[in-house]
Amino acid sequence: MGAIDNISKGVSEKLGNRLDKTEEEKAVLNYGLFIIIHTSLSIVLTFIAGLVTGMAIEIMTITFSAAWLKRYSGGVHANTPNRCLLIGIIVSLTLCFLYKTGMILLEDNMLLLILLIGIIVSYIVLYYKCPVGSKNKPLKKESTRKKLRKKAFTLINLYSIAILAGYLIYKKQDIYILKDIISCMWLGLLLQISMLTKFGQKLIDVLDDMLGKLKIS
């Protein structure tokens, strides 16, 4: 993200000088600007990928569901922001295609069973793994871990309620788009839960190495 880094540094330097900030304060400002710009770019590119493939609602639901939970549960990261962004889009699109070609064809009762199994598995993995630190965020402080863990379980409770309530409304009112939304929310939940496991870590490592061989930094 060389361009984004240059923009955030330039803006933070000018703004910092104007506000008479110290070098440390400028560094904090630069980090904040980088996160804002990078996040905005990620949202835009993910949405474009969804529009191009005709799955905008699906990919945005998966991405936001996974990203929101990741704030509290932690998990594996790619080695660079560029790769992290690309891997996120690739994995989310893959899940979208899997939904469109498989899960969407399930009978409603089978769909409910799969949703329930996925939710139960998510609770189990979250209980034993959450939160998972990274190189940049080791999460060694116990008070921080407890706080993140509590927020992660609060969020998964909300996800579970939304998914099951959405299913009941879809089933009763035959609002078909609700089936897409709750299924993709469920996929986003499972995506992030998998990132807490060794399988998820291995998957990201493999994709990260592949992008590295393609000279994507």
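Me: Where is K215 found?
Reply: K215 is found in the segment after α8; helices here are DSSP runs (H or I, at least four residues), numbered from the N terminus. The model is a predicted one, in which local features need pLDDT of at least 70, side-chain atom pairs count only at pLDDT 80 or more, and totals for chains, interfaces and linings use all residues. Residues are numbered from 1 along each chain as its sequence is written, and side-chain values use heavy atoms, with hydrogens and water left out.

Me: Is K215 buried or exposed?
Reply: Buried means under 20% relative accessible area, exposed over 50%, and partly exposed in between (1.4 Å probe, protein chains only). K215 has 74% relative accessibility and counts as exposed. Its backbone has a positive phi of about 65 degrees although K215 is not a glycine.

Me: Which loop holds D174?
Reply: D174 lies in the loop between α6 and α7. D174 is likewise not a glycine, yet has a positive phi of about 60 degrees. Its relative accessible area is 59%, so D174 is exposed.

Me: Which residues touch the most other members of the largest nonpolar core?
Reply: In soluble globular proteins, nonpolar side chains tend to be buried together. A nonpolar core is a set of buried Ala, Val, Leu, Ile, Met, Phe, Trp, Tyr and Cys residues joined through side-chain atoms within 4.5 Å. Here the largest such core has 50 residues, and L115 and L126 touch the most other members. The elements giving two or more residues to this core are α3 (56-73), α4 (81-101), α5 (108-129), α6 (142-173), α7 (176-194) and α8 (198-213).

Me: What is L126 in contact with, leaving aside its neighbours within four places in sequence?
Reply: Contact means heavy atoms within 4.5 Å. The partners of L126, with those neighbours set aside, are S73, R149, A152, F153, I156, I193 and L196.

Me: At what angle do the axes of α4 and α7 cross?
Reply: Axes are lines fitted to C-alpha atoms, for helices over the stretch in contact, and angles run from 0 to 180 degrees between N-to-C directions. Angles under 35 degrees count as roughly parallel, over 145 as roughly antiparallel, 65 to 115 as roughly perpendicular, and the rest as oblique. The axes of α4 and α7 come within 11 Å and cross at roughly 135 degrees, and the two helices are therefore oblique to each other. In their contact, V91, S92, L95, Y99 and K100 of α4 meet K179, D180, S183, C184, L187 and L191 of α7.
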